[in-house]
Amino acid sequence: MMARFAQLLISGHFASGVTRYEDHYSRQEQFARIVLTVTVERYLTVRAVVDTGAPWCILAPETVEQLGIMPRATYAPDERLTIRGISYGGRLLRMKIGLRAEQEGEDCEIEATVFVPALPPGDTWPHPNFIGLDGFLNRIRFAVDPRENAFYFGPI
Amino acid sequence: MNTVPTADTITQLLGAEMRPDVVPEDSTGRGRTLLPDVWPGTSSRVVVVWPRSAEGPRTFTEVGDLSAATSTWWNHTLTEDGHQTNIAATNTPVMVLEESARMGDRRTFAALARAIDWSTRRPDELTATIDLALSLEMATLAIDLAQLGGRLFPDHERVQRAAQVLAPPVVRVVRLPRARGLDASRKWLREHASQYRGQWVAVREGQLLGAAESLGELKAVIGEGEDAVSTIVTRVL
């Protein structure tokens with residue numbers, strides 16, 4: 001079904017495509033979220049929470065390490081980064097994140113900076129994946145229609 | 001040459017009285033004590049040194065030539081024979097940057113980082129500053145510095161890596177590999193994911209392919225190509 005504002009926003013060149021988002025993350029029903037289904041390096045499909053307060057996209061370390069996804073470039077800062085009040089060491093990677101026009105229009109792919117935290121052996125990442133501002137969202141146009149859970153996106 | 005001890009706030013630093021360079025004889029406690037009152041055993045202090053010709057209060061951003069600011073590293077230890085003071089004077093604005101980062105003073109840090117002529121500095125000083133900007137969540141500054149470094153230091157591997165990774169995002173309209181049944185998989189997750197708390201699950205076209213403690217265990221069921229991109233992989237929190 002075509003999203004309500006697809007013709008206006010896509011024909012008006014505000015957006016190239018529109019996808020559906022979930023408004024809650026599993027088992028966190030008390031918190032409203034914008035949860036996108038995105039592709040990583042055209043290989044994997046994961047869910048990621050839109051977080052305009054996060055400078056970078058953040059991927060669970062297992063996603064990169066255990067599935068053997070090869071980043072385009074890697075940089076390991078000597079300083080730790082703060083994520084949700086906790087500081088983590090880790091790596092910044094250059095990766096392609098895809099937004100799929102599931103409802104209407106054309107797909108977009110963003111070559112973005114992604115932070116992958118380093119965890120002690122045996123630990124698991126306690127947060128979802130995130131789509132952040134500086135490395136991703138501030139270089140695309142996006143709009144949300146909460147009535148239809150529609151996420152419109154397109155290049156600037 | 002006069003010395004001004006580094007203070008906890010930039011206001012204190014700028015308003016601080018110029019003090020003579022005196023090595024202390026007695027201890028008075030650690031922390032914000034001024035240079036003549038360094039506590040034996042204090043591991044180190046950073047001292048900002050300005051040329052004698054500088055007069056009156058000044059701000060970092062008013063300083064046209066930041067290389068005029070010299071950082072001096074002092075190390076005071078108490079030995080069996082008494083005090084031992086090691087002093088190493090270096091012309092390292094990065095140490096001043098580190099101090100402002102430690103104080104969480106983003107404004108001063110950004111002003112300093114943008115004012116420094118990085119073509120006269122070492123590449124490792126630039127990467128240290130990029131790292132500090134990252135730790136302060138100053139992503140735009142980190143990106144700008146990395147891109148500047150990429151142009152200034154074409155042969156320095158770490159700077160080049162920073163420039164590659166910390167580049168502005170590139171957005172393209174493309175055709176992604178076709179994916180099947182994502183709506184059905186999201187519906188499955190809404191309805192059933194809670195049964196798999198703490199596990200990784202792989203769901204394709206509304207069907208659970210597998211659940212495991214480790215994502216690596218699901219690699220085989222995720223598959224490749226259209227199968228892989230049609231599979232939503234997530235850890236149930």
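Started with the chain contacts: 52 residues of chain A are in contact with 44 residues of chain B, where contact means C-beta atoms, placed from the backbone, within 7 Å. I noted that this is a predicted model, with local features needing pLDDT of at least 70, side-chain atom pairs counting only at pLDDT 80 or more, and totals for chains, interfaces and linings using all residues. Residues are numbered from 1 along each chain as its sequence is written, while chains are lettered from A and ligands numbered from 1 in the order written.

Which element gives the largest share of chain A's side of this contact? I found β10(A), with 7 residues. Helices (H or I, at least four residues) and strands (E, at least two) are DSSP runs numbered from the N terminus. By class, that side of chain A has 21 nonpolar, 13 polar and 18 charged residues; Asp, Glu, Lys and Arg count as charged, Ala, Val, Leu, Ile, Met, Phe, Trp, Tyr, Cys and Pro as nonpolar, and the others, Gly among them, as polar.

β3(A) and β8(B), residues 231-235, run parallel and are joined by 2 bridges; pairing takes at least two DSSP bridges. A:Val46 sits opposite B:Val233 there.

Then chain B itself: I counted 9 helices and 8 strands. Of its 237 residues, 32% are buried, meaning 20 or more other C-beta atoms within 10 Å of their own, again placed from the backbone. Last, I looked at α5(B), residues 139-152. Its buried residues include B:Leu141, B:Ile143 and B:Leu145, and the cover over the buried ones includes α3, α4 and α6 of chain B.

Conventions. Two residues are in contact if their C-beta atoms, placed from the backbone, lie within 7 Å. A residue is buried if 20 or more other C-beta atoms lie within 10 Å of its own, exposed if 12 or fewer, and partly exposed in between; C-beta atoms are placed from the backbone. The expected span of a helix is 1.5 Å times one less than its number of residues.
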